[in-house]
Each structure stands twice: as C-alpha cells, then as structure tokens.
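Open the model in your viewer and keep the sequence panel beside it. The stops below say what to select and what is there.

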Amino acid sequence: MIGLQAYLVLAALVFAIGLFGVLTRRNAVGILLGIELMLNAVNINLVAFARFNGDLAGVVFTLFTISITVAEVAVGLAIVIAIFRVRRTVEADRLNLLRG
Amino acid sequence: MTLETVGFGVVAALLLASSLAVVLTPNLFHSVLYLAAALVLTGVVFLLLEQPFLFAVQLLLYAGGVVTIVVFAIMLTERLVGDRIGQASRHPINGAIVAAAVFAGIVGFLIQAPVRATAPAPAGDTTAALGRALVGPFAVTLELLGVLLVAALLGAVYFARSEE
C-alpha cells in the first residue's frame with residue numbers, strides 16, 4: 001500500500017515543475033501550460049486526501065477545479081489571440097502596453 | 001513490493017518525465033503534446049486512487065478539451081504571423097532555484113505534518129454518491145459553476161469575434 005506522503009510528494013514535484021515553466025517561459029501560451037501543470041498537481045492532492053480520509057468532498061472539489069480550469073484556458077487563450085491581433089506577438093516580455 | 005507499488009512508481013516516473021518535457025522542449029507544439037501525456041498520466045494516478053469516474057472526466061475535459069483548444073490557438077496565432085512560434089526560456093537558473101525552494105518548503109511541511117499512512121478500505125463504486133453530493137450539499141456551487149461557464153463562453157466569443 002502506497003502512503004499518502006508518496007502522492008503528496010509527487011504532486012509537489014509536478015507543482016514545482018509547473019512553477020519553473022511559468023517562471024522561465026517567454027511565450028504566453030507556454031506560461032498557460034505551466035499553470036495547467038500546477039493546477040493538475042493540486043488535483044492530485046485533492047483526490048489523494050479524499051481517498052485517504054474516506055471523504056468524497058475532495059473528489060467533488062476536483063470536478064469543480066477541472067471545469068473551472070477548462071473555462072480559464074478558453075478565456076486565457078481568447079485573450080492571447082486578441083493580444084496577437086493587436087501586438088503581433090505573444091512574448092510576455094514585449095507585452096508592456098501598461099508600462100508607464 | 002506489490003503490483004500497486006510498481007505501478008505507482010512507473011506512473012510517477014512517466015508523469016514527472018512528461019512534465020519536465022512540457023517546460024523544457026523548445027518547440028511549443030511538442031510541449032502541448034507532452035502536456036496531453038502528463039494529463040492522461042494524472043488520470044491514471046486518479047485510477048490508482050480508485051476514482052475511475054474522475055479518470056473519465058480528466059480524459060474528456062482535460063486531455064480532450066484543453067489540448068484541442070491549445071492546439072487550435074497555436075495554429076491560429078501561427079497563421080496570423082505566418083511563421084513558427086519559438087519559445088526560448090529565460091533565466092532558467094533563477095527559475096530552477098525558486099521552484100526548488102518551493103518544493104523544499106512543501107516537503108519540509110509534509111515531513112512535520114502527521115498524516116495517516118494507511119487508507120481506509122476502498123468504498124467500491126463512488127460515482128452514485130458523487131452525483132448525489134453534486135445535487136445535494138454542493139448544489140449551489142454546481143449552479144455557480146454553470147454561471148461561470150456561460151460567462152466564460154460569452155467572454156471567449158467576445159474576444160474571438162471578427163473586427164467588423
């Protein structure tokens with residue numbers, strides 16, 4: 001039987017990898033992919049806690065976070081496309097329209 | 001060394017490898033394909049935790065929906081500029097240091113926290129109980145989620161509309 005710790009460490013590793021992606025990617029779509037990895041790690045945590053506590057609430061939360069993430073990706077990519085139309089780039093460093 | 005331990009080890013190794021590939025490949029399109037692999041492997045982790053329904057949801061919404069949307073967006077934006085989108089990384093050392101620090105912080109917390117080592121006996125098929133929970137104690141949240149999805153749909157249509 002694998003302990004809860006193993007799942008939590010696995011989720012922490014995936015979260016750290018996603019954070020690395022968010023911090024180092026130049027492309028806005030690449031940053032979104034990193035955020036996806038981080039949200040995924042959180043889902044692993046929620047399901048693991050639900051399994052080891054014998055409580056379904058964690059699974060219900062995971063269903064909600066999955067749906068919210070899909071909505072977030074749809075809106076995020078729509079924003080990326082809209083930015084692309086105006087600026088002709090999705091490099092996060094060059095999106096400095098609000099810089100004073 | 002049971003079959004479950006071996007399975008968990010293999011799935012964990014594959015998940016970590018594909019996650020690393022997502023953040024390290026220079027080609028954005030390959031990155032999305034590795035993300036699809038990572039999402040499917042997360043679904044397999046859900047299977048190991050005895051949640052087959054979540055595995056199906058993960059495949060349909062995440063691996064199916066999200067990956068399709070991202071591939072669409074990449075192709076659309078590539079067509080707009082007319083050339084391939086590269087994606088170099090910046091400050092990889094600093095990023096690695098911050099990510100490692102966050103990981104060390106989480107693991108340090110995990111070591112101190114008292115956690116139950118053994119899981120209760122599997123409850124069998126929990127899908128029916130899940131459905132009852134969604135329309136019972138979580139009914140208001142479910143309705144709010146519907147409102148959010150409609151808002152996201154309208155927002156996406158607004159952003160993606162043609163100029164005229």
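Select chain B: buried residues make up 21% of its 164 residues (buried means 20 or more other C-beta atoms within 10 Å of the residue's own, with C-beta atoms placed from the backbone). This is a predicted model, in which local features need pLDDT of at least 70 and side-chain atom pairs count only at pLDDT 80 or more, while totals for chains, interfaces and linings use all residues. Residues are numbered from 1 along each chain as its sequence is written, and chains are lettered from A and ligands numbered from 1 in the order in which they are written.

Next, select residues 3–24 and 28–48 of chain B, helices H1 and H2. Their axes come within 8 Å and cross at roughly 155° (axes are lines fitted to C-alpha atoms over the stretch in contact, and angles run from 0 to 180 degrees between N-to-C directions). H1(B) and H2(B) are therefore roughly antiparallel, the term for angles over 145 degrees.

Show side chains where the helices meet: Phe8(B) and Leu15(B) are among the H1(B) residues, and Tyr34(B) and Leu41(B) among those of H2(B).

Finally, show both chains. Here 59 residues of chain A are in contact with 76 of chain B (contact means C-beta atoms, placed from the backbone, within 7 Å). On chain A's side, H3(A) gives the largest share, 20 residues.

Methods:
Helix = DSSP H or I, 4+ residues; strand = E, 2+ residues; numbered from the N terminus. Parallel < 35°, antiparallel > 145°, perpendicular 65-115°, else oblique. Contact = placed C-beta atoms within 7 Å. Buried ≥ 20, exposed ≤ 12 C-beta atoms within 10 Å, placed from the backbone.
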